Amino acid sequence: MAIAHRYAPRSSAGRSAAGRVLAGAALLTAVAMLPWLSGSDPARAVLRARSADEAPTPAQLTAVREQLGLDEGPLAHLAHWLGGLSHGDAGVSWVSGEPVMPQVTTALSVSLTLMLGAFVVTALVAGLVCARTLFLGSRRRLRRDRAGGTAAVLAALPKFLLASVLATVCGVWWGWFPSSGWEGPQSMVLPSLALGVPSGAMLGGILDQALPAAFHEPWARTAYAIGLPPGHIARNALRRTLPGMLPQLLPTVVALVGGAVAVEKIFNIPGLGRLALEAAVAQDLPVLQTATLALVLLGVAAGVLIRALRHALLGRPLRDGALPALHRPPLTVPRSLRWITAACALALLALVTAGLLRDPLQVDTAARLLPPSLEHPLGTDALGRDLLARLGHGALRTAAVALAVTAVSALTGLLLGMAPRAGAGPTEVVSTLPAVLAGLLIAGVTGPSVWGAACAVCVVGWSPYAAQTAALVEQERASGHIAASVALGAGRLHLMRRHLLPAVVPPLVRNALLRLPTTVLVLASLGFLGLGEQPPTPEWGRLLSENQPYAELAPWTVLGPAAALVVLSVLAVTGSVQGRGKGA
């Protein structure tokens, strides 16, 4: 038993707290450097935000520099701001001159309310995605594997596009719910749906892939044999598999507080993400620092709460090193799956081949927003450019950058997750950091480019994989076969190669494939803000962003890129299922 406890999870509150403090301090220091890293004059940015229609004079710029003390440097400003926080004073906005704390607390309350609404939708959608597996598994009738196509389609839906459709159809046309503003409970319905449906599909897909292993355990077979009701078996299977999925709530749902900028803009919601972005663009440092601190504290609090909930669900077996490992049973892969995979591959191949034969940069103002026809099979955009050509030419670039970013993020998350005591603090701090803020920081050093945007996504994109890896490693180390291997003389390298990595890598890869379309859209959002891929280069996510204002007038301008993303996501997920089936 002593050997088992050697590899069981240990209390490391001190190290975790130190990691959180160091990661938070590094992030706040980097944010404090933003006006000086950007390469532009902070005084000019502040004046532009105050009065966009007036050209600042040298005298005005000098006055602003003296008023804000910009010549003192970033560290002096950071020390002054931290000193004020100890008395509950976060300073005043450089742009509006109003106190910062009321602005941030109001925006935070709005974002937390929206996050709770999105969480409810996320839970409902996740339940629907895995309902079939729960029903069949609890009745010992689970024989065939699932393709995961439904989860892949819903997870690939762009949140801002879904928000635009819901605002137009349910808000403007039908008048069911408000399409703009934040006035009451009704105002949160449509944005909660736009945020919760893709998030629920992603989490439901992860849970759906883990449930067969729980139903295959001896307790499930015994419970069914003695006649326990299916509902009892289903509840215990959920309790067995939820701890592996719970860490994904932090980067997927809690992160919506700071990462729902596009949806907040579409519905005109005064949330914290929108406030932080506007402050970053205007270089309003006191507001930006306070909003960032609020996101860091939220991430840490949510991480501690989720960890406590995981330990409560797993109970004594986790503490005693007697937790059985989950092993997915071999299930029959449906024959239709290979047809779905082949159809998606052929569709993408046809799209790329047909698009490469056309000119993606030819502008024809006389052919603006034309519907699909023989001459333009997918229609034209607002400049009269052929959408098929732009999709075809952007396919390889989009897929290559997204795959590279996903691979780097997953590998980074795997390495940090393998050392959970060292990685817990940075994971919680980074998980709520908007990619746009990281993009602004990196663009200030490297300048706007596609690879700068890719680095920005990598900086924040590893946290979901680190959280998942840490949870799986903790559960695997608490299993009995680890203690048996150690008793037989197995070393750390053997345990890593034979036990830990085989338990962690397959679910990590499936998570990465589900998140692939999200990576494309995050890269697009950075490009749309001028931090990533620059026009007129064709790129799928950017096509969605720049054509989103025309979604109601010319829906074909966004349907093509959205459909391409969905097909790419379904191809990635179904291909992984087939590979898993062959491996089994």
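The legends below walk through several close-up views of this predicted model. Local features need pLDDT of at least 70, side-chain atom pairs count only at pLDDT 80 or more, and totals for chains, interfaces and linings use all residues. Residues are numbered from 1 along each chain as its sequence is written, and side-chain values use heavy atoms, with hydrogens and water left out.

**View 1. Cys-170 and Cys-344, two buried cysteines.** Let's begin with the sulfur atoms. Cys-170 has a relative accessible area of 12%, while the value for Cys-344 is 10%. Both therefore fall in the buried class (under 20% relative accessible area; exposed is over 50%, and partly exposed lies in between, using a 1.4 Å probe and protein chains only). How many disulfides are there? The count is zero, where a disulfide is taken as a pair of cysteine sulfur atoms within 2.5 Å.

**View 2. The Glu-278 and Arg-274 salt bridge.** The whole structure holds eight salt bridges, each a side-chain nitrogen of Lys or Arg within 4 Å of a carboxyl oxygen of Asp or Glu. Here, the closest N and O atoms of Glu-278 and Arg-274 are 3.3 Å apart. Both residues belong to helix α17 (residues 272-282), and because they sit four residues apart, about one helical turn separates them. Helices are DSSP runs (H or I, at least four residues), numbered from the N terminus.

**View 3. Arg-307 paired with Glu-428.** In this salt bridge the closest N and O atoms are 2.9 Å apart. Arg-307 comes from helix α18 (residues 285-314) and Glu-428 from helix α22 (residues 420-431), so the pair ties together parts that lie 121 residues apart in sequence. Arg-307 is partly exposed, with a relative accessible area of 30%.

**View 4. A salt-bridge network around Asp-381 and Arg-385.** Which residues take part in this network? Salt bridges link Asp-381, Arg-385, Arg-390 and Glu-546. Zooming in on one pair, the side chains of Arg-385 and Asp-381 meet at 2.9 Å, N to O. Arg-385 is buried, with 8% relative accessibility, and Asp-381 is buried too, at 2%.

Conventions: Helix = DSSP H or I, 4+ residues; strand = E, 2+ residues; numbered from the N terminus.
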